[in-house]
Amino acid sequence: MDFDLIVKNAIIVTATEVLQPGLSIGVKDGIIVAVALFLPAGPDTKIVDAEGAYVTPGGVDSHVHLHQDNAPTGDKWLTGSRSALAGGNTTILAFASQKRTDESLYPVVEEYHNRSRGQSYIDYGFHLILTRATAKILQEELKVMIEQEGITSLKLYMTYPAMKLGDGDMLDIMMQARELGVTTMIHAENSDMIDMITTRLLKHSRTLPKFHAIARPQIAEAEATHRAISLSTLTSTPILIVHMSSPVALSHARKAQSKSLLPVHAESCPHYMYLLSSNLAATSITTHDDHGHSHEVDDEWAGSRHVCAPPLRHSDSDLQSVWDAVNNGTITVISSDHAPTLYNSPGGKRKPVVDAQASSSVPTFAQIPNGLPGIETRLPILFSAATDPSAPAGRRLSLPRFVELTSTNPAKMYGLAGKKGSIAPGYDADLVVWYPKLHDDANITITNDILHHSIDYTPFEGMKVCNWPRYVLLRGEMKWDRDVELRDGHGKGILGKPMDGQYLKRAKGEVLVGRLGQTPPGMLEGETDNWMTYTHE
Ligand code: DUC
Ligand code: ZN
Ligand code: ZN
């Protein structure tokens, strides 16, 4: 067979091993067809010499927010997917978000297709955010979503007035999710606790960004996590708790994992592994003038750039608890939770300008849009944790674990197994070639001007990483070469186009295994309804 492409001289990393150096990857029609020590090139075969570099499967970022109505100044598909590509991703899963007033899911999904079609540099799919579950949605529409749209995952919120669901709604949805075999993601924070603390803080004029973290304490995450696990246990529904940040919440997940046959999965994000809530107290911003000089400008709202939910936590031991959960297997997936908002823009994170004479209202932390940018920095930061010898003990990943958490597991969780998330015959040729040569002085400093999103800051400004994707190939085609110059306004390094990304109709997630032998709620021991007939194909 004549290969379309051979990537040669690679050190291939999969979720289970680092393969022997010097292998070649043969690609035909966008699919990996061979991995061997030597592959013969035909006259038309393109060659990419990996020069002894690590080659990992394209990143699968399974939790990103693009062009949602609640973030009008955030990234849209074009800039968000471009930034994802420049950071080594070849697949993103973003949200199609139902508004409370939407009685049907069909127009919602249509709208998100319209927003994303022809606008993504990389392959993409949707999760559905359910904020209202009518009988018709549960009984009819979810099946159509699975069968026709390949949407096999839901996100449920336990907080935010516009989105939160009560326990009754969660139970109804979980029963149906279990029946249909969709993956249920949960944002677990106790809404009433947050509201009560917020009211009291504001009453005492505690309005600055730093109070956002105080309004969302760890106990709010821990309680909601425990409740979500209880609801999932009663209904025997596998769940994935997203963006976990707290030691007690993580211990609830770990306990549930060790006790029950029911999968309780946990996700975290780089910001909960590296950043602390002290960032929210920042009162100045560094600006750069045309001569390359930097200046500190006072801004009491500067800390809002680190506002996210759950919030960044207080202490180094909080960060360590997330690392421990990564390393002991509690955490299944590390996503970016890219949910950005411009800082310096009306409706952005900066302090709103209020006409004091016309209005008695005072800007408060409660109005700051929640969420951080991070789609481009996720993989370089975590690859550094896997390859930088100076990374602190306890905060390192093995290379296979890096691949597992950032590519293989999210692909499996969300129904892309066999297609995305590994380097083996039959998989899409989504490949990341990292810079082969690392010098002591090769560190790259993350600054916002090297990133490809449309956001005016990064919460990781100034952080050093020891590597960056040199090439990214999507289905066998070179879409990112960090060393090429700016081209047609796409951004430095970008070789792809916004119509390259294909919509992914996903299968059901691989990890969904209902608990056998449990008596269904409302049935007596030994009785069954269609509960027991559930098997996941
Ligand atoms: N939840 C998210 O998943 N992302 C950003 C903010 C939030 O509340
Ligand atoms: Zn969330
Ligand atoms: Zn999110």
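Let's begin with Pro310, which sits in the loop between strand E14 (294–298) and helix H10 (316–327). Keep in mind that you're looking at a predicted model. What is the peptide bond from Ala309 to Pro310 like, cis or trans? It's cis, with omega near -10 degrees.

Ala309 also turns up around the ligand. Ligand 1 is surrounded by Ala309 together with His63, His65, Lys155, Tyr160, His187, His243, Asp337, Ala339 and Asn370. Zoom in on the histidines of that group. An N or O atom in the side chain of His63 is 3.0 Å from an oxygen atom of ligand 1. For His65, a polar side-chain atom lies 3.2 Å from an oxygen atom of the ligand. His243 has a side-chain N or O atom that is 3.2 Å from an oxygen atom of ligand 1.

Now hop over to another loop, the one between helix H5 (191–203) and helix H6 (210–215), where you'll find Ser205. Check out its backbone: phi of Ser205 is near 60 degrees, which is a positive value in a residue other than glycine.

Next up are the helices, starting with H4 (residues 167–180) and H7 (residues 218–235). Their axes come within 9 Å and cross at roughly 45 degrees. On the H4 side, the contact is made by Asp167, Met170, Leu171, Met174, Met175 and Arg178. H7 brings in Arg227, Ala228, Leu231, Ser232, Leu234 and Thr235. Sort the residues of this contact by class and you get seven nonpolar, two polar and three charged.

Finally, look at helix H11 (residues 378–387) and helix H12 (residues 399–413). These two pack at an angle of about 155 degrees, with their axes 8 Å apart. Angles over 145 degrees count as roughly antiparallel, so that's the label H11 and H12 get. H11 passes H12 in a right-handed crossing. Which residues of H12 make the contact? They are Leu399, Phe402 and Thr406, and they meet Arg378, Leu379, Leu382, Phe383, Ala386 and Thr387 of H11. Here the contact divides into six nonpolar residues, two polar ones and one charged.

Note on methods:
Residues numbered from 1 in each chain as written. Chains lettered and ligands numbered in written order. Predicted model: local features only at pLDDT ≥ 70, side-chain atom pairs only at ≥ 80, totals over all residues. Heavy atoms only, no water. Axes fitted to C-alpha atoms, helices over the stretch in contact; angles between N-to-C directions. Helix = DSSP H or I, 4+ residues; strand = E, 2+ residues; numbered from the N terminus. Parallel < 35°, antiparallel > 145°, perpendicular 65-115°, else oblique. Left-handed = near helix turned anticlockwise from the far one by under 90°. Contact = heavy atoms within 4.5 Å. Nonpolar A, V, L, I, M, F, W, Y, C, P; charged D, E, K, R; others polar. Near = heavy atom within 4 Å. Polar contact = N/O pair within 3.5 Å; in protein donor to acceptor, adjacent residues only side chain to side chain.
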